[in-house]
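Work through the exercises below with the sequence and the structure at hand. Try each task before reading its solution.

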Amino acid sequence: MQDYLSTFVRSIFMENMLFAYFLGMCSFLAISKNVKTAFGLGIAVTFVLFVTLPVNYLLENYVLKQGALNWLGESFAEVDLSFLSLIIFIAVVASIVQLLEMIIEKFLPGLYNSLGIFLPLIAVNCAILGGSLFMQQKDFPSTGVATIYGLGSGIGWLMAITGMAAIREKLQYSDIPKPLKGLGIAFIITALMGLGFMSFSGIKI
Amino acid sequence: MNEKNKAILFNPLSKDNPVTVQMLGICSALAVTSKLEPAVIMAISVTAVIAFSNLIISLIRNSVPGRIRIIVQLLVVAALVTVINEILKAFAYDVSKQLSVFIGLIVTNCIVMGRLEAFALGNKPWPSFLDGIGNGLGYGLILVIVGFFRELFGSGTLWGFRLIPEAFYEAGYANNGLMILPPMALILVACVIWIHRSKDKNLQEK
């Protein structure tokens with residue numbers, strides 16, 4: 001239980017995908033112009049992370065890692081397929097996104113319409129692949145912890161993009177130097193939010 | 001090389017820069033620039049991946065059905081990145097440790113996918129290859145600028161060599177620790193955008 005809770009809190013605050021590692025920055029900057037769409041994208045990212053992480057965790061531990069193929073028989077104990085992990089992970093992410101798109105379109109047309117183009121684009125969001133790569137690096141003890149890590153990272157990303165969108169909505173009324181308008185000021189605000197989030201680092205749970 | 005190809009190669013360096021104008025590939029631009037060396041290695045790897053994936057996708061563009069093109073593109077890019085990853089592990093192990101997951105994340109680097117979708121799908125192989133090189137260099141330019149300032153002011157070194165003399169430190173000079181922290185990379189990129197856009201008024205946003 002301790003494991004679950006600390007992984008959850010760590011992945012939301014201390015290891016926030018956006019502010020600690022800058023993953024998923026492109027869609028973060030491009031789609032944070034109003035709160036509603038930003039929130040929709042955040043939910044979609046959270047959901048995809050939540051689904052892909054356990055799948056990739058099982059693949060990593062029962063197919064890819066050195067000695068992971070032990071269940072096939074003794075002779076496979078030496079096989080190390082970890083060089084294939086990138087291709088496998090991205091294929092899993094892309095196909096799950098495709099699958100999700102079909103399922104949501106069939107059963108939840110309302111949500112489908114509100115997410116629109118963002119859904120297929122999630123396949124190339126660095127935060128999703130980043131989640132799987134960090135999972136591989138961190139060597140989680142069980143599938144449950146990996147799932148919670150996915151959920152937490154997603155929620156952290158959701159929080160970040162929604163906050164950013166709220167600030168940018170207000171910024172429309174402020175007087176910014178012309179060359180900094182738009183992209184420039186968005187960078188500076190992200191930096192300040194990142195500095196704020198750094199106050200969480202060093203907290204031990 | 002005619003005029004058109006020259007424009008394809010050199011436009012991404014300034015007025016069509018992938019990072020500051022097209023807003024692509026920002027994630028990795030920030031995370032690897034605290035030192036100059038990883039920044040340069042990252043820039044070279046990304047350039048190689050964009051150029052060759054552009055070339056390959058452009059060669060097979062007429063035989064890939066539109067519906068599954070994203071998955072095909074991802075697989076081509078992932079294969080190229082795996083090759084680069086193994087090369088780095090073999091010949092530059094320290095740097096590949098420093099870059100950790102960010103080499104893997106070239107797969108989802110928006111510059112690669114963006115150029116594939118916007119250019120390689122509709123153009124012949126040779127211009128696509130040039131477009132890849134150009135965009136890689138434009139991305140590398142920003143990486144090197146940011147990496148240069150962060151390493152110089154953050155650790156007082158360049159490429160690992162001490163540049164600021166000991167006498168300065170004895171006189172009370174101290175390294176700026178803020179430069180090493182990731183948010184500073186964002187502020188430096190914002191400064192680059194600021195200077196770039198006040199020189200070139202066409203790029204300013206309304």
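**Exercise 1.** How many helices and strands does chain A have?

Solution. This is a predicted model, in which local features need pLDDT of at least 70, side-chain atom pairs count only at pLDDT 80 or more, and totals for chains, interfaces and linings use all residues. Residues are numbered from 1 along each chain as its sequence is written, chains are lettered from A and ligands numbered from 1 in the order in which they are written, and side-chain values use heavy atoms, with hydrogens and water left out. Helices (H or I, at least four residues) and strands (E, at least two) are DSSP runs, numbered from the N terminus. Chain A has 10 helices and zero strands.

**Exercise 2.** Give the order of helices and strands along chain B.

Solution. Step one is the count: chain B holds 10 helices and two strands. Step two is the order, which reads α-α-α-α-α-α-α-α-β-β-α-α.

**Exercise 3.** Does the radius of gyration of chain B agree or disagree with that of a compact globule?

Solution. The radius is taken over C-alpha atoms, and the globule rule is 2.2 Å times the number of residues to the power 0.38. For 206 residues the rule gives a radius near 17 Å; chain B has 19 Å, so the two agree. The C-alpha atoms of chain B fill a box of roughly 65 × 45 × 30 Å along the principal axes.

**Exercise 4.** Which residues have the most contacts inside the largest nonpolar core?

Solution. A nonpolar core is a set of buried Ala, Val, Leu, Ile, Met, Phe, Trp, Tyr and Cys residues joined through side-chain atoms within 4.5 Å. The largest one has 109 residues, and those with the most contacts inside it are A:Met25, A:Phe28, A:Leu29, A:Ile122, A:Trp157, A:Phe187 and B:Met42. Helix H4 (residues 35–64) of chain A gives the largest share of this core, nine residues.

**Exercise 5.** Which residues does A:Ile122 touch, leaving out those up to four places away in sequence?

Solution. Contact means heavy atoms within 4.5 Å. With those sequence neighbours left out, A:Ile122 touches A:Leu41, A:Ala44, A:Val45, A:Val48, A:Val97 and A:Ile128.

Notes:
Buried < 20%, exposed > 50% of the residue type's maximum accessible area, 1.4 Å probe, protein only.
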